[in-house]
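Dear colleague,

I am handing over the structure we spoke about, with the sequence alongside. Please look through it before reading my notes, which follow below.

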Amino acid sequence: MSLFKAIGRLLRFGPAKRPDEDMIFRSIVEQSGDVICHVSDGRFTYVSPSAKAVFGWSPDAMIGSTGFELIYEPDLPILEEVLARRVSGEELGPVRHQLRVVCGDGSLKWSETSARSERAANGKILHTILVIRDISDRKRLEEELEALAHKDGLTGLANRRSFDRMLERSWQQTLRVGSEMALILIDVDHFKRFNDSYGHQAGDDCLRAVAAAVGRFARRPGDLACRYGGEEFALVLSETGPFAALELAEEVRSAVATLNVPHEGNSTRGRVTVSVGVATAIARAGGSFRMPESLVQAADHALYKAKAGGRNRVEQSVLIAPFNQK
């Protein structure tokens with residue numbers, strides 16, 4: 001027998017076949033680690049004792065309430081949408097939704113609620129049984145896995161997947177509002193020579209040190225520092241014009257130089273340095289560059305110029321993108 005049926009029997013929504021069945025069903029409900037609730041006319045009429053242990057809620061205090069005060073306010077639209085679909089009859093079967101709830105001590109937990117309603121012949125909801133489960137640990141694990149999926153394992157910076165997403169988002173935002181953005185590509189000079197001279201472990205340590213220096217320049221929510229590939233790094237900078245981008249790129253170059261990591265294979269300096277290519281997109285009427293790949297190509301061309309010009313230097317390109325005026 002399903003848990004929903006057991007709850008229904010306990011609350012007298014189905015006849016018991018044997019006198020001892022009520023005791024069995026009550027034991028199932030009251031010993032459940034989930035919170036079992038019955039709702040009628042939009043208000044709680046029964047809340048299982050587990051509410052106190054799981055969420056710190058008082059079952060007695062919940063009786064007669066709508067429960068809306070227990071929902072974390074930013075998540076209320078989720079519940080309102082679910083209720084609207086069920087009341088309208090758009091969604092007739094069992095439904096499951098996830099949202100954050102406010103615990104008795106004021107803390108937040110993620111909950112998953114399974115709901116099943118009994119309806120009259122005309123479709124009107126007579127009552128609803130809820131099974132509410134604490135899924136905070138599962139959500140925490142999902143968030144950690146999601147974060148790992150977007151991070152570079154060696155340096156801890158964002159990975160290429162995150163770069164592609166942020167570049168596209170920033171590009172579309174730039175075109176939509178007619179603003180500016182910049183992309184900075186950073187390449188460690190003569191890194192193969194470094195690996196050959198000092199070994200791969202030292203090479204990894206070098207990349208981590210450079211990554212830490214680069215990462216400090218992603219200062220705003222719309223900025224992203226990532227490992228672009230191999231010994232290359234990238235900075236995506238929203239709302240950034242050519243002068244600010246060039247200045248920041250020079251700061252990046254200087255920050256890596258001042259790490260003073262020895263590099264005998266880098267003959268001009270004897271220490272680790274980087275070459276930097278900067279590309280800035282300016283959204284203006286009449287612009288012709290329509291794809292974010294154009295910005296990558298421009299930054300890559302600037303980086304090539306920096307390498308060809310002697311390395312440990314910054315070069316810049318500027319392109320005009322079309323402003324999506326309405």
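A residue is called buried when its relative accessible area is under 20%, exposed when that area is over 50%, and partly exposed in between. Please keep in mind throughout that this is a predicted model.

Serine 317 belongs to strand S10, which covers residues 314–322. Its side chain reaches the backbone oxygen of alanine 298 at 3.4 Å, and, leaving aside neighbours within four places in sequence, serine 317 is in contact with Val278, Ala279, Thr280, Ala298, His301 and Ala302.

Strand S6, residues 180–188, is largely enclosed by the rest of the structure, because eight of its nine residues are buried. S6 pairs in the antiparallel sense with strand S9 (residues 274–284) over nine bridges, and in that pairing isoleucine 184 stands opposite valine 278. S6 also pairs in the antiparallel sense with strand S8 (residues 232–238), over seven bridges, where the bridge partner of methionine 181 is serine 238 of S8.

Elsewhere there is an open sheet of five strands, paired in the antiparallel sense, in the order S2-S1-S5-S4-S3. Its edge strands are S2 (43–47) and S3 (95–102), each of which pairs on one side only, and neighbouring strands of the sheet are turned by 30° against each other on average, with direction ignored. S3 pairs with strand S4 (residues 108–119) in the antiparallel sense over eight bridges, and valine 101 has lysine 109 in S4 as its bridge partner. Helix H5 (residues 76–88) packs on this sheet, touching S3, S4 and strand S5 (125–134), and the direction of H5 makes about 145° with that of S3.

Most residues other than glycine have a negative phi. Is arginine 311 buried or partly exposed? At 26% relative accessibility, arginine 311 counts as partly exposed.

With kind regards

Terms used: Residues numbered from 1 in each chain as written. Predicted model: local features only at pLDDT ≥ 70, side-chain atom pairs only at ≥ 80, totals over all residues. Heavy atoms only, no water. Buried < 20%, exposed > 50% of the residue type's maximum accessible area, 1.4 Å probe, protein only. Helix = DSSP H or I, 4+ residues; strand = E, 2+ residues; numbered from the N terminus. Pairing = 2+ DSSP bridges. Polar contact = N/O pair within 3.5 Å; in protein donor to acceptor, adjacent residues only side chain to side chain. Contact = heavy atoms within 4.5 Å. Axes fitted to C-alpha atoms, helices over the stretch in contact; angles between N-to-C directions.
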